[in-house]
Amino acid sequence: MSLETWLAFLGASALLVMLPGPTILTVISYSIAQGRRARLPLVLAVALGDSTALLLSLLGLGALLATSAFWFTVVKIVGGLYLLYLGFKLLRAGVSPAALPTAAASGSRWKLFANTYLVTALNPKGIIFFVAFLPQFIDPTGDVTRQLWILSATFVACAGINATAYAIFAGSARRLLASPRAQRGFNLGGGALLSAAGIWALLARRV
């Protein structure tokens, strides 16, 4: 892929991982409850969890996209429509208090790691999202499998850095996510980003 395509994916990934979801809410909750000792296992759990979800998403997908122009087009069109659907849901979402889970102040770092890993890796919406999102940045004339792994590594790196930032600034992040105004901004910004990605993917089919 071109450097421009990779940079576009890097920017999109950096923005997308900032959107609050089950993983981010879990990171904030554990960070507040357990302090600095929670940071390393949380970041490792997020990185490993996203890697697992990406692996589940990409099993067989790279080979399929590399060998079939028809399925490559189908996956990208369906992915574009799915991104539009996610964007529409965020744009019309009402503002409600953030459902931040509570975490016990006690417990081993291994248990904290395992809980965060499971939340991240076993989110079916995340797996579906990866299948829809990654192919939008693939050049079908190149090595599809290699491109998928490069994009996956990029996304995991962004997710790890983002989890680190949320863990460090957990108190401020919790107050921010509890603000209706901030939630409205997350919904509108995230919805616009996902919708733009979906439209871009669908228009690309007509070129």
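Colleague: What share of the 207 residues in the chain is made up of buried residues?

Modeller: A residue is called buried under 20% relative accessible area, exposed over 50% and partly exposed in between, with a 1.4 Å probe and protein chains only. In this chain, 43% of the 207 residues are buried. This is a predicted model, in which local features need pLDDT of at least 70 and side-chain atom pairs count only at pLDDT 80 or more, whereas totals for chains, interfaces and linings use all residues. Residues are numbered from 1 along each chain as its sequence is written, and side-chain values use heavy atoms, with hydrogens and water left out.

Colleague: How is the accessible surface of the chain to be read, and how much of it belongs to carbon and sulfur atoms?

Modeller: Accessible areas come from the Shrake-Rupley method with a 1.4 Å probe, and for residues only the protein chains shown count as cover. The surface here amounts to about 10,700 Å², and carbon and sulfur atoms hold 69% of that area.

Colleague: How many helices and strands does the secondary structure contain?

Modeller: Helices (H or I, at least four residues) and strands (E, at least two) are DSSP runs, numbered from the N terminus. The chain has 10 helices and zero strands.

Colleague: What percentage of the contacts with a separation of 6 or more joins residues 24 or more positions apart?

Modeller: Contact means heavy atoms within 4.5 Å. Of the contacts in that class, 88% link residues 24 or more positions apart. Methionine 1 gives a case in the segment before α1. Its C-alpha atom is separated by 8.6 Å from that of aspartate 143, 142 residues along the chain. Beyond neighbours within four places in sequence, methionine 1 is in contact with Trp6, Gln147, Ile150 and Leu151. Methionine 1 is partly exposed, at 35% relative accessibility.

Colleague: Which residues have the most contacts inside the largest nonpolar core?

Modeller: In soluble globular proteins, nonpolar side chains tend to be buried together. A nonpolar core is a set of buried Ala, Val, Leu, Ile, Met, Phe, Trp, Tyr and Cys residues joined through side-chain atoms within 4.5 Å. The largest one here has 35 residues, and Phe9, Phe130, Phe133 and Leu134 have the most contacts inside it. At least two residues of this core come from each of α1 (3-17), α2 (22-34), α3 (39-58), α7 (124-133), α8 (144-168) and α9 (170-177). Helix α8 supplies the largest share, 10 residues. Leaving out residues up to four places away in sequence, leucine 134 touches Phe9, Leu54, Leu58, Leu148, Leu151 and Ser152.

Colleague: How many aromatic pairs does the count come to?

Modeller: A pair of aromatic rings is described by the distance of the centres and the angle of the planes. Rings of Phe, Tyr and Trp (its six-membered ring) pair if their centres lie within 6.5 Å; planes under 30 degrees apart count as stacked, over 60 as edge-to-face and the rest as tilted. The count is three aromatic pairs. One of them, phenylalanine 9 with phenylalanine 137, is edge-to-face, at 5.1 Å centre to centre and 75 degrees between the planes. Phenylalanine 9 belongs to helix α1 and phenylalanine 137 to the loop between α7 and α8, so the pair ties together parts 128 residues apart in sequence. Phenylalanine 9 is buried at a relative accessible area of 0%, and phenylalanine 137 is buried at 10%.

Colleague: Why is the pair of tryptophan 110 and phenylalanine 113 described as stacked?

Modeller: The ring centres of tryptophan 110 and phenylalanine 113 are 5.7 Å apart and the planes stand at 20 degrees, so the pair is stacked. Both residues lie in helix α6 (residues 109-121), three residues apart, about one turn of the helix. Tryptophan 110 is exposed, with a relative accessible area of 62%, whereas phenylalanine 113 counts as buried at 17%. Trp110, Phe113 and Tyr117 form one aromatic cluster.

Colleague: Which residues of α1 are buried, and which are exposed on the other side?

Modeller: The buried residues of α1 are Phe9, Ala12, Ser13, Leu16 and Val17. Viewed down the axis of α1, they fall within an arc of 120 degrees, so they line one face of the helix; the arc is that of the directions from the helix axis to the C-beta atoms. Leu3 and Glu4 are exposed on the other side of α1. Serine 13, at 0% relative accessibility, touches Phe133, Phe155 and Cys158, not counting residues up to four places away in sequence.
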